[in-house]
Amino acid sequence: MNTEQQLKLQAFLDGELPEREARDVAAWLAQDKDATALLMELRNTRQALGGFEPEIRLPETREFYWSKIQREIQRLEPATPKKEAVPFSFWFWRLLIPAGAAALLAIAGLFAFLKLNPSSNPGAEMATMLADANPVTYRDQAEGMTVVWLSYPAEKEFTANSSGGRLP
């Protein structure tokens, strides 16, 4: 017997089935011993449990009793203040300030990118390529400093030809 059939028997016992279905279930009970045994077990369980449920009588009607509970809940709940209309200028500044900050960050990021990325500044690259100065670069990350040593061929000739470090 499946769950649907068991539920049908329970509904039959409770008197919740329409007439036609109740007749069908009664005919089914006449033929099936397992269904009849289950129905008898459900009746016995219902009677056994029914004796343990105390009968509670209220001094007033059910609707009045629940309306008293509802009024008490409403009395204990804090009243929510009405929301006042917020002026347009408040929303304008509330949106403008973050948008302005985002724009400033974007501009600062763009300038930092252009300054740190040598491929975005072709003039500096061309100057070092044309000078043919054999540069040596030192970058100190902790200090945020870059030092570039350039040795020009003219300096080597000057130091070799000069005596005492004086200009001719």
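## Overall layout

From the N terminus on, the order of elements in the protein is α-α-α-α-α-α-β-β-α. That gives seven helices and two strands; helices (H or I, at least four residues) and strands (E, at least two) are DSSP runs, numbered from the N terminus. This is a predicted model, in which local features need pLDDT of at least 70 and side-chain atom pairs count only at pLDDT 80 or more, while totals for chains, interfaces and linings use all residues. Residues are numbered from 1 along each chain as its sequence is written, and side-chain values use heavy atoms, with hydrogens and water left out.

Of the 168 residues in the protein, 8% are buried, where buried means under 20% relative accessible area, exposed means over 50% and partly exposed lies in between (1.4 Å probe, protein chains only). Among contacts between residues at least 6 apart in sequence, 25% join residues at least 24 apart; a contact means heavy atoms within 4.5 Å.

## Helix H1 against H2

Helix H1 covers residues 3-14 and helix H2 residues 19-31; their axes come within 10 Å and cross at roughly 110 degrees. Axes are lines fitted to C-alpha atoms, for helices over the stretch in contact, and angles run from 0 to 180 degrees between N-to-C directions. H1 and H2 are therefore roughly perpendicular to each other. The classes are roughly parallel (under 35 degrees), roughly antiparallel (over 145), roughly perpendicular (65 to 115) and oblique (the rest).

The H1 and H2 crossing is left-handed. A crossing has that hand if the near helix is turned anticlockwise from the far one by less than a right angle, and is right-handed if clockwise. H1 contributes Gln-5, Lys-8, Leu-9 and Phe-12 to the contact, and H2 contributes Glu-21, Ala-22, Val-25, Ala-26, Trp-28 and Leu-29. By class, the residues of this contact are seven nonpolar, one polar and two charged. Ala, Val, Leu, Ile, Met, Phe, Trp, Tyr, Cys and Pro count as nonpolar, Asp, Glu, Lys and Arg as charged, and the others, Gly among them, as polar.

Helix H3 spans residues 33-50, and its axis and that of H1 come within 10 Å, crossing at roughly 50 degrees. This angle makes H1 oblique to H3. The crossing of H1 and H3 is right-handed. On the H1 side the contact is made by Gln-6, Leu-9, Gln-10, Phe-12, Leu-13 and Asp-14, and on the H3 side by Ala-35, Leu-38, Leu-39, Leu-42, Arg-43 and Arg-46. Seven nonpolar, two polar and three charged residues make up the contact of H1 with H3.

The axes of H2 and H3 come within 6 Å and cross at roughly 110 degrees. H2 is thus roughly perpendicular to H3, and the crossing of H2 and H3 is left-handed. Trp-28, Leu-29 and Gln-31 of H2 meet Lys-33, Ala-35, Thr-36 and Leu-39 of H3. The contact of H2 with H3 has four nonpolar, two polar and one charged residue.

## The strand hairpin

Strands E1 (residues 136-140) and E2 (residues 145-149) run antiparallel and are joined by five bridges; two strands pair if DSSP finds at least two bridges between them. Val-136 stands opposite Trp-149 in E2, and Thr-137 has Val-148 in E2 as its bridge partner. Four residues lie between the strands of this hairpin, in which Gly-144 takes a positive phi near 65 degrees.
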